[in-house]
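Please keep the sequence and the model in view while reading.

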Amino acid sequence: MRKADPGTSTPALADDLARLEEIVRKLEADDVELDAALLLFEEGVARLRAARERLVAAEVKVQAVLEEAGGDIRLTDLDA
Amino acid sequence: MTLSLSLNIPSLSDQVWSVGQLNTAINRLIDGSLPPIWVRGEVLQCKVWSSGHWYFTLRDGRSQVRCCMFRLNASRAGKPPADGTEVFVLAKAGLYEEKGEFQLVVARMLPTSAVGQKQQELERVKVLLQQDGLFDPLRKRAVPPYVSTIAVVTSRDGAALKDVVTVARKRWPCARILLVGARVQGEGAVDDLVRALKLVNRIPGLDICIVGRGGGAREDLAAFNSEAVCRALANVRVPTISAVGHEIDISLTDLVADLRAATPSAAAELAVADRRDVLRLVDDLSLRLASGLTGRTRLAAERLARSRDRLQAAVAGVLDSRRNLADRLAAQLDALSPLRVLGRGYAVPMDEAGRVLKRRADFIPDTGFRLRVADGDVRARVE
């Protein structure tokens, strides 16, 4: 399976959830020093909050993509 | 004498079916087991009734079946076919219950000759695309798990965009949906779709692209079988879903896209996760994070307690050995102490400054000195 070309967006939510998985696995593995564990926990809490905010706050946004005469891209909101 | 008849006939209490019940039951059996199907055959005796309905027979070398095509569908099929015309019909099989006749209710009819030309063109393009590896499973990309921006290449006025938006609102409200408008049928549709797919590649921050339309007749899907559209779709740099909205036919864009969906709604469901599932995942991670830290601090506390115990034991050991040494030294000191000698009756003479008078010369006549005995000093004088 080929990968999407570089340059496309990597959604922040996917990053947050992947990092959270990693943090939780490290904490569960018991081989992290306490100082490092506390730092991981703090980072985990921040990422959880960010993920939750992304999930609950939003409302679907619909826009039309238009190509201007000069070739530039313009977005206009649509009621859909 | 009474005549006794052994009546091997049903009584009123037995289950006896009416003809109508029988035909209804048979019709249900057929209806439940056969979806709408394409059937190929030769038309015979097509009669157009004043109601506008068509009645005809479809046959091949071996069998035949009665067909009817109601006014609305018949009016779309053009002129009634002449005897012997070979056609494809899209039909639902059933029983005409009033007459107990098996029949096909035809929704669409296409002469095989017309289909033949289109089919040949389709096959030609298909072979070309296949040779270039555009259907290769290794090309297929996975849909990202949590998309934020979705491009929808479809008609501005069609139902496809609305369907995608409806699904996204329900499942994934954090989505941003970008319509890239294109005619999807008729004149100019191919050029429009190609231009739109090229435009997709210039949209920054895009995660996925859905290309499609609502349901349509087979000939209306032609643009999605065009070579140019397929190649433009293959060049889209984000994962693609083809949703041409037809359950029966597969278009070539379905084969080129990373994923195929039967309808735009189904495409949207493939494109976006369900927010409720992801929130459950977040809750789960939240719990694991908390218990992970608790576990980790408990471990540290246990380790600390173990260290404290070892430290205490070590300090106690050192203190004990020091105490023993001190006791021993005290005993030795005690043994050597001059006080112990004094206890045995000796005395030590010292002058007023506390210096010990050890020789005769140290004693000056008529001078006082002190004699240190076991329990204190005694004043004395040299004669």
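## An enclosed strand

Strand S8 (residues 208-212) of chain B is largely enclosed by the rest of the structure, because five of its five residues are buried. Here a residue is buried if 20 or more other C-beta atoms lie within 10 Å of its own, exposed if 12 or fewer, and partly exposed in between, with C-beta atoms placed from the backbone. Strands (E, at least two residues) and helices (H or I, at least four residues) are DSSP runs, numbered from the N terminus. Ile208(B), Ile210(B) and Gly212(B) point one way from S8(B), whereas Cys209(B) and Val211(B) point the other way, and all are buried.

Which strands are joined to S8(B) by bridges? Strand S6 (residues 149-154) of chain B runs parallel to S8(B) and is joined to it by four bridges; in this pair, Ala151(B) has Cys209(B) as its bridge partner. Strand S9 (residues 240-243) of chain B also runs parallel to S8(B), again with four bridges, and Val211(B) has Ser242(B) as its partner there. Two strands pair if DSSP finds at least two bridges between them.

## Basis of the model

The model is predicted: local features need pLDDT of at least 70 and side-chain atom pairs count only at pLDDT 80 or more, while totals for chains, interfaces and linings use all residues. Residues are numbered from 1 along each chain as its sequence is written, and chains are lettered from A and ligands numbered from 1 in the order in which they are written.

## The barrel and its helix

In chain B, five strands close into a barrel in the order S1-S2-S3-S5-S4, with mixed pairing. The twist averages 50° from one strand to the next; angles run from 0 to 180 degrees between N-to-C directions, and axes are lines fitted to C-alpha atoms, for helices over the stretch in contact. Tyr55(B) stands opposite Cys68(B) in S3(B).

Helix H3 (residues 112-131) of chain B packs on this sheet and touches strand S1 (37-48), strand S4 (86-96) and strand S5 (101-111) of chain B. The direction of H3(B) makes about 50° with that of S5(B). Two residues are in contact if their C-beta atoms, placed from the backbone, lie within 7 Å.

## A pair of helices

Helix H5 (residues 189-200) and helix H6 (residues 227-234) of chain B pack at an angle of about 10°, with their axes 9 Å apart. H5(B) is therefore roughly parallel to H6(B); angles under 35 degrees count as roughly parallel, over 145 as roughly antiparallel, 65 to 115 as roughly perpendicular and the rest as oblique.

From H5(B), the residues Val190(B), Leu193(B), Val194(B), Leu197(B) and Lys198(B) meet Ala228(B), Val229(B), Ala232(B) and Leu233(B) of H6(B). By class, this contact has eight nonpolar, no polar and one charged residues. Ala, Val, Leu, Ile, Met, Phe, Trp, Tyr, Cys and Pro count as nonpolar, Asp, Glu, Lys and Arg as charged, and the others, Gly among them, as polar.

## An open sheet

Chain B also has an open sheet of three strands in the order S11-S12-S13, with antiparallel pairing. Its edge strands are S11 (348-350) and S13 (376-381) of chain B, each of which pairs on one side only. Six bridges join strand S12 (residues 368-373) of chain B to S13(B), and Gly368(B) stands opposite Arg381(B) in S13(B).

Chain A has two helices and two strands, which run α-α-β-β from the N terminus on. Of its 80 residues, 25% count as buried. The mean pLDDT of chain A, the predictor's confidence in each residue from 0 to 100, is 80, and 84% of the residues reach 70 or more. Over residues 3-10 of chain A, pLDDT stays under 50.

S1(A) runs parallel to strand S7 (residues 176-181) of chain B, and four bridges join them; Gln63(A) has Leu178(B) as its bridge partner.
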